[in-house]
Amino acid sequence: MNRTNWWKHAVIYQIYPRSFQDSNGDGIGDLKGIISRLDYLEKLGIDAIWLSPVCKSPQDDNGYDISDYRDIDPMFGSLDDMEELIAEAKKRNIRILLDLVLNHSSDEHRWFLEAKKSKDNPYHDYYIWRDGEPGKAPNELKAVFGGSMWEYVPELGQYYFHQFSVKQPDLNWENPRLRQEIYDMINWWIDKGVGGFRMDVIDQIAKEPDQMITINGPRLHEYFREMSKNTFQRADLITVGEAWGADTERAKLYSAPDGSEFSMVFQFEHINLDQIPGQEKWDLAKLDFIALKNVFEKWQKELNGCGWNSLFWDNHDCPRIVSRWGNDREYRKESAKMLAIVLHGLQGTPYIFQGEELGMTNADFAIEDYKDIESVNMISERRQKGYDDADILHSLHAKSRDNARTPMHWTAEKNAGFTDGTPWIRVNPNYTQINAQENLEDPDSVFYCYQKLLALRKAHEVFVDGDFTMIGKEDPNLFAYIRENAEETMVVLANFYGDTIARPAIEVINGRQAVCANYADEADVLRPYEARMYVIGK
Ligand code: GLC
Ligand code: CA
């Protein structure tokens, strides 16, 4: 295997630390808790852990608002715990990827506290300011979590720019001193032994607020290349750029094979196909299945040989996929496995979000149970606009980020084995049926299907370099494709929905046994949510 490409065989597991495993009974997951679960992750067969932010933070956006990039929030533990986690993971051949939030800091970061002292403070220019008068924001830009992107500071007679909450002021990447501080900090973490970085909303760092540009700004790739040269290229890392706004052309820059930017891009085109176009994510529409297949096909074909994509259904910002596009009732296990098989046969680096490998489902919360800043702000905004609570709740059940953030289900014991104390957010009551212990005891579980898929990816090069052909593009139920290289052919056949459908005739798999499937026996139809994967040598 080519050394520069070793990570193309890797699978990444995302941990949302506050909801993974509590070790001290305060109801919040922590680093020691993660260390205690590394054997479980090793058994699953992962290569790296993407840790959502654990740096010091006032937790306005659950850690995506960092007040000290070189320290761990006491809620999660200490720097010593972090070093222990890196070392313990390494023993199991698992690397730790940090989540770097570099588009903005917390308003409690030392830089911002200095910056707002005066216009001539050396840190003032680390952030983005415009002169103005109260009540007259520089422009109409609306923040991602609601309200204006501009916040007035009366002592300065200036507004600062924030694309997310008022407690997340945007950093000014035009300032070379700020960029250098960031590179020094990244190098400090590299020297501590981290295995890579996930770069939060990195497509938003090159903003031009006066021109209303918040994403894909003109200097974006210049900054990426400078950062990569000054940091990532010193070491053998996995780096992934989160990019809501990347098309395939831009993605090829992000993941250029010469390593000048990042290892791979993490983009969302496939994940936004169940909302009313042009409206908010809360404005629900039925999934456009044909569009979903077209999007996957486009990314598979266009990046083949010249770029590298991430493969995911779930993360801490998305609802649980089995509830979203599977069937979380009578076909929960079948559909969870089907979704896994469809995704894991593709080219790219698969990501598993904690609990996905157990077939965990969306939270069934009441309005007052929601904790996430995005959901809480949406509730008050929509109430003000006159939406009724039933409507609001309907959107939250489908799309709230809290769906993915309920505590991990370890056992059928109290609080799902997540904590001895009071969990910071409600545990999903279905933990008595869906949990890691039950999965590990059942050879036919969702967990073992994921384990199998991870092992197959390691064993067969066709997962990495096989060319892609979609089958039955216009079929309203079938998700099927072929991957092929000089040595092997892989075939994936899946029924994406609950009605039995015809099975397409594909000669190479005649008389063959599936290497991974969610029904034990072969049949001449595809049963509800049935999925089968074949790998055939030439
Ligand atoms: C990213 C994170 C999300 C966070 C936002 C602001 O999209 O994944 O959780 O709220 O950036 O940092
Ligand atoms: Ca704790």
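**Helix against helix**

Modeller: Let's go to the spot where Ser-375, Met-378, Ile-379, Arg-382 and Arg-383 of α11 meet Asp-389, Ile-392, Ser-395 and Leu-396 of α12. Meeting, or contact, is heavy atoms within 4.5 Å. Sorted by class, α11 and α12 bring 4 nonpolar, 2 polar and 3 charged residues to this contact. (Nonpolar is Ala, Val, Leu, Ile, Met, Phe, Trp, Tyr, Cys and Pro; charged is Asp, Glu, Lys and Arg; the others, Gly among them, are polar.)

Keep in mind that this is a predicted model, in which local features need pLDDT of at least 70 and side-chain atom pairs count only at pLDDT 80 or more, while totals for chains, interfaces and linings use all residues. Residues are numbered from 1 along each chain as its sequence is written, chains are lettered from A and ligands numbered from 1 in the order in which they are written, and side-chain values use heavy atoms, with hydrogens and water left out.

Back to the pair. Helix α11 spans residues 373–384 and helix α12 spans residues 389–399; their axes come within 10 Å and cross at roughly 150 degrees. Helices here are DSSP runs of H or I with at least four residues, strands are E runs with at least two, and both are numbered from the N terminus. The axes are lines fitted to C-alpha atoms, for helices over the stretch in contact, with angles from 0 to 180 degrees between N-to-C directions. So α11 and α12 run roughly antiparallel to each other. (Under 35 degrees is roughly parallel, over 145 roughly antiparallel, 65 to 115 roughly perpendicular, and the rest oblique.)

Now zoom in on Ile-392, which sits in helix α12. If you skip the neighbours within four places in sequence, Ile-392 touches Ile-367, Met-378, Ile-379, Arg-382, Arg-383 and Tyr-387. Take Met-378 from that list: Met-378 and Ile-392 are 14 residues apart in sequence, and their C-alpha atoms are 8.4 Å apart in space.

The buried ones include Arg-332, Ser-335, Met-338, Leu-339, Val-342 and Leu-343. The axes of α10 and helix α14 (residues 446–459) come within 9 Å and cross at roughly 15 degrees, so α10 and α14 are roughly parallel to each other. On the α10 side, Lys-333, Ala-336, Lys-337, Ala-340, Ile-341 and His-344 meet Val-446, Cys-449, Tyr-450, Leu-453, Leu-454 and Arg-457 of α14. That contact of α10 with α14 divides into 8 nonpolar, 1 polar and 3 charged residues.

The loop between β9 and α6 holds Ile-205, which counts as buried at 1% relative accessibility. Leaving out neighbours within four places in sequence, Ile-205 is in contact with Leu-102, Asn-103, Trp-173, Leu-220, Tyr-223 and Phe-224. Ile-205 and Ile-215 are 10 residues apart along the chain, with 7.5 Å between their C-alpha atoms. Asn-216 also belongs to the loop between β9 (196–199) and α6, and Asn-216 has a positive phi of about 55 degrees without being a glycine.

Asn-93 has a positive phi too, near 60 degrees, and is again a residue other than glycine. Asn-93 lies in the loop between α3 (79–91) and β5 (95–100), where it is exposed at 66% relative accessible area.

Last stop: Thr-419, in the loop between α12 and α13 (436–441). Thr-419 counts as buried at 4% relative accessibility. Apart from neighbours within four places in sequence, Thr-419 is in contact with Asp-22, Gly-25, Gly-27 and Lys-414. Thr-419 and Val-342 are 77 residues apart along the chain, and 34 Å separates their C-alpha atoms.

Methods:
Buried means under 20% relative accessible area, exposed over 50%, partly exposed in between (1.4 Å probe, protein chains only).
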